Amino acid sequence: MGPIIAIVVLLIVILVIVVSCIKIVPQAHAVVVERLGGYLDTWSVGLHFKTPFIDRIAKRVNLKEQVVDFPPQPVITKDNVTMQIDTVVYFQITDPKLFAYGVENPIMAIENLTATTLRNIIGDLELDETLTSRETINTKMRASLDVATDPWGIKVNRVELKNIIPPQAIQDAMEKQMKAERERREAILKAEGEKKSTILVAEGKKESAILDAEAEKQAAILRAEARKEATIREAEGQAEAILKIQQANADGLRFLKEAQPDAGVLQLKSLEAFAKAADGKATKIIIPSEIQGVAGLAKSVVEIASEK
């Protein structure tokens, strides 16, 4: 019975050892393996086996991009202003072997390297440049950190300045400056608005005067054209009346010619013409001698004269 129990225990121990030697590396991870204290291999994703008692897992490495938010660091600008700046570093492990053996504490090393690099960059800038040059500072820090961390198997992808906190006195002065600048811009905008309003009013009056003058001009032209039209119509009416009178006279002469009157009728018509010429106002009418020879006509002349 004792040997059987010993065999079972031995089998269980062997099974546990075998199971412990089977390792599965998940996605985006790597495992650094050592044999007898020295680097052996780097396991990537998949199923792996290690030799019992002589192989061991030295370090498990996360290959995902990682983010580290460092606390605010005091820095001094070129014009001797002390401010607090906290940074955010985005990095990724590219070489698990260098990461395992390159530096003792990679995160602390990155933090200290970030602080010293930030002080060096800010020391060459004045306060105003520091507040307005975030992108430049980020680019310079990323380049410097990427070069410095390359021997550690780390690649720095981005560096961001999270907050820039100047001293309270500087903040108060900046707020006053911003307030004065806003008031100045407001005054300028108000003055420009009044100027534009005055210009628009003047232009409106000018346009109104031009339109009034144009309307008066058009009215004068229309009145002149109306007078011209009336004069033309009046002249046409007079010409038409004269034409009708002349036509009537011509028709009378034509009818008289077609009637072929004798000498007595002609003398009578002449007498009527003299009577019309008198128009009731003449007291004497001189009759040509050739008309006086007609006895019948003399009587008619006397009657006409007495009627007048």
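Let's start with Phe53, which counts as exposed because its relative accessibility is 75% (buried means under 20% relative accessible area, exposed over 50%, and partly exposed in between, with a 1.4 Å probe and protein chains only). Phe53 sits in the loop between strand S4 (46-49) and S5. Helices (H or I, at least four residues) and strands (E, at least two) are DSSP runs here, numbered from the N terminus.

A word on the model itself. This is a predicted model, in which local features need pLDDT of at least 70 and side-chain atom pairs count only at pLDDT 80 or more, while totals for chains, interfaces and linings use all residues. Residues are numbered from 1 along each chain as its sequence is written, and side-chain values use heavy atoms, leaving out hydrogens and water.

How confident is the predictor? The average pLDDT (confidence in each residue, from 0 to 100) is 81 for the protein, and 81% of the residues score at least 70. Over residues 294-308, though, the pLDDT is below 50, and that stretch has 11 contacts in the model beyond near neighbours in sequence (contact means heavy atoms within 4.5 Å).

Strand S2 (residues 29-35) pairs with S5 over 7 bridges in the antiparallel sense; His29 has Asn62 in S5 as its bridge partner.

The structure holds 1 aromatic pair (rings of Phe, Tyr and Trp, the last by its six-membered ring, pair if their centres lie within 6.5 Å; planes under 30 degrees apart count as stacked, over 60 as edge-to-face and the rest as tilted). The ring centres of Tyr39 and Tyr101 are 6.1 Å apart and the planes meet at 85 degrees, so this is an edge-to-face pair. Because Tyr39 lies in strand S3 and Tyr101 in helix H2 (residues 96-102), the pair ties together parts 62 residues apart in sequence. Tyr39 is partly exposed at 33% relative accessible area, and Tyr101 is partly exposed at 41%.

Notes:
Two strands pair if DSSP finds at least two bridges between them. pLDDT is the predictor's confidence in each residue, from 0 to 100.
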